[in-house]
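Please have the viewer open as you read.

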Amino acid sequence: MLKAEIENVGKPTKGTPQGGILSPLLSNVVLNELDWWIDSQWKSFDITERNVVIAEDGHEHRGNIYKKLRSSTDLKEMHIIRYADDFKILCRTQEDSIKTFEAVKDWLNKRLSLEVNEEKSQIVDIRTKSSEFLGLRIKARIKSGKWVTHSNMTKQAKEKAIDKIREAVTKIKESPTTQAVMRYNATILGLQEYYDMATNVNLDFSEIEYKVLQFRHNRLKSLMSEKGKPGKTYTTRYKGYNFKKQFVNGICLYPIPAVINRTTTGFTQSICNYTEEGRSNIHERLKINTDILHYLMENPPQNCSTELADNRISLYSAQWGKCFVTGESLVIGEMEIHHKKPKEHGGTDEYKNLVWVTGSVHKLVHAISEDIIDKYLQMVKPNKEQLEKVNKLREQAGSCVIEQ
């Protein structure tokens, strides 16, 4: 990728392709050391004399340590928030921020041979002026005698969101298929899940809805109906909201303003794909893989019923993204929807007749010959409880029980 030729330029000799998918990865590799350095300046700075207090999650509670650091040291309190090569460092006072700004520039230059972008880098007092970061506008206001941070979508972010939604509406107008409607809903869901970290996200999305309402009505008025039954995904995700329901091709359009602020959690180095503890932390925080959820919404099976297209998404969420039999995390290309009662035997696309399993489990459920059964038994390696689930699915499908 680094050596890929650029049109009218030739092969680059340094840097990464602008906008290339490799750039964020390399940024994380290079700036990992910056994260640790900032962390060592305050958050993980150790003191020898302290009373160790263990929090409910098993980690050391450092509140007393920070209190002592503030009262008995000249350390600058700082916290970094970084996304690839874009980051902000938060400080308590203007004096601390000025010293930190210069120290970080010097450290990046001497340690990593990097220079900051002077035009984009600045010190901002968010009590008097807002600061923008990753599509958010951040500002501090007085609440109950304390400074509290509030955040909104930036003007540019709202404009981009409106353009995305209008584009999805136009696609439905051009081709009112199940796929087009599902992609519209996936667009709404994706925007809601990204910007729900803004404290005033509900106000922002209410404004977005106001600005796309007439456009959507004019384009889809001949296709929309108020009659229909929302799928399980809609009723689960938007439970408690009372927006007017509108259907296109039998699918209920997701309500744009139906989003509230979600408290974000700080990153911890224990989160990692390559250790048992790290994977456990990922699953505990995310519960389900939202990338796969969006993929399912944007890629419904060809020539399937609207009921199946919706129920497979609801079922993925209900199973927490895991195989019904083995409990392992499902991945694209190795996950299949199984009809407990086959359609050729009168089965339907009802939610209760479906279950997500891995491809190997699915083949084991339907295998007939002993050789094929043995092959997939070796691949799945089910324990007693898992084999009971396999046999129950085989019985429902009209196949014989596997003895082991």
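## A pair to start with

Which two side chains meet in a salt bridge at 2.9 Å, N to O? They are those of R70 and E77, where a salt bridge is a side-chain nitrogen of Lys or Arg within 4 Å of a carboxyl oxygen of Asp or Glu. R70 is partly exposed, at 42% relative accessibility, while E77 is buried, with a relative accessible area of 9%. Here buried means under 20% relative accessible area, exposed over 50%, and partly exposed in between, with a 1.4 Å probe and protein chains only.

A word on the model before going further: it is predicted, and local features need pLDDT of at least 70, side-chain atom pairs count only at pLDDT 80 or more, and totals for chains, interfaces and linings use all residues. Residues are numbered from 1 along each chain as its sequence is written, and side-chain values use heavy atoms, with hydrogens and water left out.

## E77 and its other partner

E77 also meets R92 in a salt bridge, at 2.6 Å from N to O. E77 sits in the loop between helix 2 (63-72) and strand 1 (78-83), and R92 in the loop between strand 2 (86-91) and helix 3 (94-112), so this pair ties together parts that are 15 residues apart in sequence. Helices (H or I, at least four residues) and strands (E, at least two) are DSSP runs, numbered from the N terminus. R92 counts as exposed, at 58% relative accessibility.

## Helix 5 against helix 6

Now to the helices. The axes of helix 5 (residues 178-195) and helix 6 (residues 201-220) come within 11 Å and cross at roughly 155°. That makes the two helices roughly antiparallel, a term for angles over 145 degrees. On the helix 5 side, Y184, L191, Q192 and Y195 make the contact, and on the helix 6 side V201, F205 and R216 do; contact means heavy atoms within 4.5 Å.

A search of the whole structure finds 18 salt bridges.

Key. Axes fitted to C-alpha atoms, helices over the stretch in contact; angles between N-to-C directions. Parallel < 35°, antiparallel > 145°, perpendicular 65-115°, else oblique.
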